[in-house]
Amino acid sequence: MKRLPATLIVPLAVLSLALAWVLTLGEKMRWLHEFDARNEEIALHAQSLLSVNPRTSSDAVNGSIARFDALKKVRSSRGLIHLALCLGDQAAESTTGLNGWQRLCERSKTSRRDETLEVGNLLARMNASGWKDSRGRDWQLLVFQDQGGLSAETRAAFLRNWLGLVFFLALSTAILIGQARNWILTYALSLYRALRQKAAGRIPLLPVTHELPLSRSVEQLTAKILRLPVALQAPPAPVAQIQPSEPPADADLLRLDELTRGRRMIVIANREPYIHNRRDGGIEVQRPASGLVTALEPVLRHSGGLWVAHGSGSADAETSDEHGMIGVPPGLPSYQLKRIWLSQREEQGYYYGFANEGLWPLCHLAHQSPHFRLQDWQEYRRVNARFASEIPEDWLDERSLLLVQDYHFALVPRLLKDRRGVGKISLFWHIPWPTAEKFRICPWAEELLHGMLGAGLIGFHTLTHCRNFLESCERLLEARVDRENLCVTYRGHETKVRAFPIGIDTTPVRKLDEREIGELKTRYGVGNIPFIAVGVDRLDYTKGLLERVAGVERFLEKYPRYRGEFSWIQIASPSRTTIPAYQDLSLQLEHAIQRVNDRFGDASLGYLPIRLLARHHDWEEIRWFYQMGQVALVTPLHDGMNLVAKEYVWCQSEERGSLVLSRFAGASQELTDALLVNPYSAEEIADSLDQAFSMTESERIRRMRAMKEKIARHSAFSWANDLIQATLESSPEAAPSTLPGVRIRTGT
Ligand code: F6P
């Protein structure tokens, strides 16, 4: 037990004295009551010795004072008691040794009395009972019991009570102080971490104060001070109680086995499927938020192969061997991950610079200017060359299947092709392809196309993106473009261009029952809110988050009946946080959410219309999170596909759930039964939210069923099968060809 601070001793002492006094008083009252009961018992006994019950008859008592002698025996038989008899207000008779009792005859006649008084030198408890005899005379029997020992007993009881209380209060105060100290230390530590994250330009985690006094107010105040979106750090979903279902056998898996038999599948992607990070002294494995990983990881997990990626985790190096190789998934490895280590300069130029400040805004219609810097381009070329050359030699032969992924590696197909004897190469571009007019903004547009056309097959999510790409080749290269058969012949090599709408892993997800959904809602702080919308996105300006806030604001403005009854909970994984456009977005979003919460929230009830969970969430949490929302808001300004839309539908039971989906997401071409909206229109978002919440059950089921069927038909496996099949059917290799200035030396 820790020592108690001196400032607590005085109040504790006063409190213990007061409590001891109250307790002792209670005990004293109990003792007096016992005295009275005993006196009464003696009185009855004495009256029976007088051969009469004075309460019922008085005849036998008349003139019989002499009989009182018999009563004197009672005294000796019952300890220190005295008895006295009064006739009217005159003293009649008493036992010996009691001085001054006579005056008491005057004080009471026929009424009963219990009191403590001094009689002679005796402090006594007196019980008086009276009656009338047949001649109407008043008699009284007085019973006295010595109460002299009571004061000593009271003092002893007070001391005992006081000491007990002092011990109890000291112990419980010490325990309370210890607990409070722990809480304050934990809170201070997480506050310190949050401030450090904020200072480093990242989106901090709010200090966790759940289930503590004032926790919600402290949380809101901290969020305000840290200028965070009025956020709630979501507690983890009750994963322990919720178990996923077993995957069923699938015809797509059999087809995948057929296609890949005897071949080595190699995926080249910037993002690794498992990231090892150091955290709180241990190592944590993270599954990144990326559509590409969502779709391809289950394919490799099933078929085996090699995934080559940038090793970006803080504990990646120590968990891989000297070649950067590690078997994954952790604990049950079924394929190999090769991590490529990039210097800070390479990562800055290739990933943040050229890929994400150049190509990303170039390809998305999100009104963000692309930045093209020579140094970034040089790093992009260098890193592409490193990836192409660092694929282990023993994995490459004529039968290998090289699946290059996304806008990070436009040059890799050509570089691999130049390596010769490496098998079939395809490139899948996971983001939109802009119009030729826009694409030619890039100062290195021709070099990019030249690099891409090293692949035998180039895939996009939609036909529109394929057509845009063909048009770019036609306008920027000296190439033959066959718009009808969707292929480009360039320097004697044919590249097919195809749309493969990507899908998700359609392993069934166990549906939560109403009780579990209720528990989840409570854990996310919306236990008593009947209308819930959810969103899951990377914190990216293409996702339309600011416009979504405006839509929700309009919804509450236009449909006031939802005020206090509706919450939208948005998971937003921090992404590319060193890029200024992403930092700006984070701040703007914070302010926008604050504005709506200030306008429609109610701090006294802890009601927030919008809650932002600005941290990474794993699939383990997300699949339950989706089921909490009767509506999902998936409203990107522009998106290649957007797998969140499909995941949400897939995780819902048919009786529950509606999807509000942007017309400008690739997914809208398949999920035509969603409530399709223009994400720039606050009015459309507001109306579709109302429509979703007030839809009839049959209508909702019809829509969900139709969407589920489409998703089941085009799973991640069927997407991979179509891509692999088309890659295998693509043109055989032609002689290497390069453009001046694009030949790339390998090595750093
Ligand atoms: O396909 C998925 C995708 O959207 C990529 O285009 C994107 O690069 C990735 O997910 C997520 O972003 P990042 O890898 O930069 O975290």
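1. Helix α18 and helix α20, the latter spanning residues 697-713, cross at roughly 115°, and their axes come within 9 Å. The crossing of this pair is left-handed. On the α18 side the contact is made by K646, V649 and W650, and on the α20 side by M704, M707, K708, I711 and A712. Sorted by class, the α18 contact with α20 has six nonpolar and two charged residues, with no polar ones. The structure is a predicted model, and the points below should be read with that in mind.

2. Helix α18, residues 643-651, also packs against helix α17, residues 619-628. Here the angle is about 65° and the axes are 8 Å apart. Angles from 65 to 115 degrees count as roughly perpendicular, and α17 and α18 are therefore described as roughly perpendicular to each other. The crossing of α17 and α18 is right-handed, whereas that of α18 and α20 is left-handed.

3. Which residues of α17 and α18 meet? From α17 they are W619, R623, Y626 and Q627; from α18 they are V644, E647, Y648 and C651. This contact of α17 with α18 divides into five nonpolar, one polar and two charged residues. For α18, then, the residues facing α17 include V644 and E647, while those facing α20 include K646 and V649.

4. A further helix pair is formed by α5, residues 251-260, and α6, residues 291-303. Their axes cross at roughly 65° and come within 11 Å. That angle makes α5 roughly perpendicular to α6. The crossing of α5 and α6 is right-handed. L253, L256, D257 and T260 of α5 make the contact with V299, H302 and S303 of α6. By class, the α5 contact with α6 holds three nonpolar, three polar and one charged residues.

5. Around the ligand there are 14 residues, and those that come nearest are R271, Y351, D406, Y407 and R576. For R576, a polar side-chain atom lies 2.9 Å from an oxygen atom of the ligand. For R271, an N or O atom of the side chain is 3.1 Å from a ligand oxygen. For Y407, a side-chain N or O atom is likewise placed 3.1 Å from an oxygen atom of the ligand.

6. Is its phi positive or negative? Phi of D406 is near 80°, a positive value in a residue that is not glycine. Most residues other than glycine have a negative phi. D406 sits in the loop between β12 (401-405) and α10 (412-419).

7. The peptide bond from V328 to P329 is cis, and its omega is near -5°. Most peptide bonds are trans. Where does P329 lie? P329 is placed in the loop between β10 (325-328) and β11 (335-340).

Note on methods. Residues numbered from 1 in each chain as written. Predicted model: local features only at pLDDT ≥ 70, side-chain atom pairs only at ≥ 80, totals over all residues. Heavy atoms only, no water. Axes fitted to C-alpha atoms, helices over the stretch in contact; angles between N-to-C directions. Helix = DSSP H or I, 4+ residues; strand = E, 2+ residues; numbered from the N terminus. Parallel < 35°, antiparallel > 145°, perpendicular 65-115°, else oblique. Left-handed = near helix turned anticlockwise from the far one by under 90°. Contact = heavy atoms within 4.5 Å. Nonpolar A, V, L, I, M, F, W, Y, C, P; charged D, E, K, R; others polar. Near = heavy atom within 4 Å. Polar contact = N/O pair within 3.5 Å; in protein donor to acceptor, adjacent residues only side chain to side chain.
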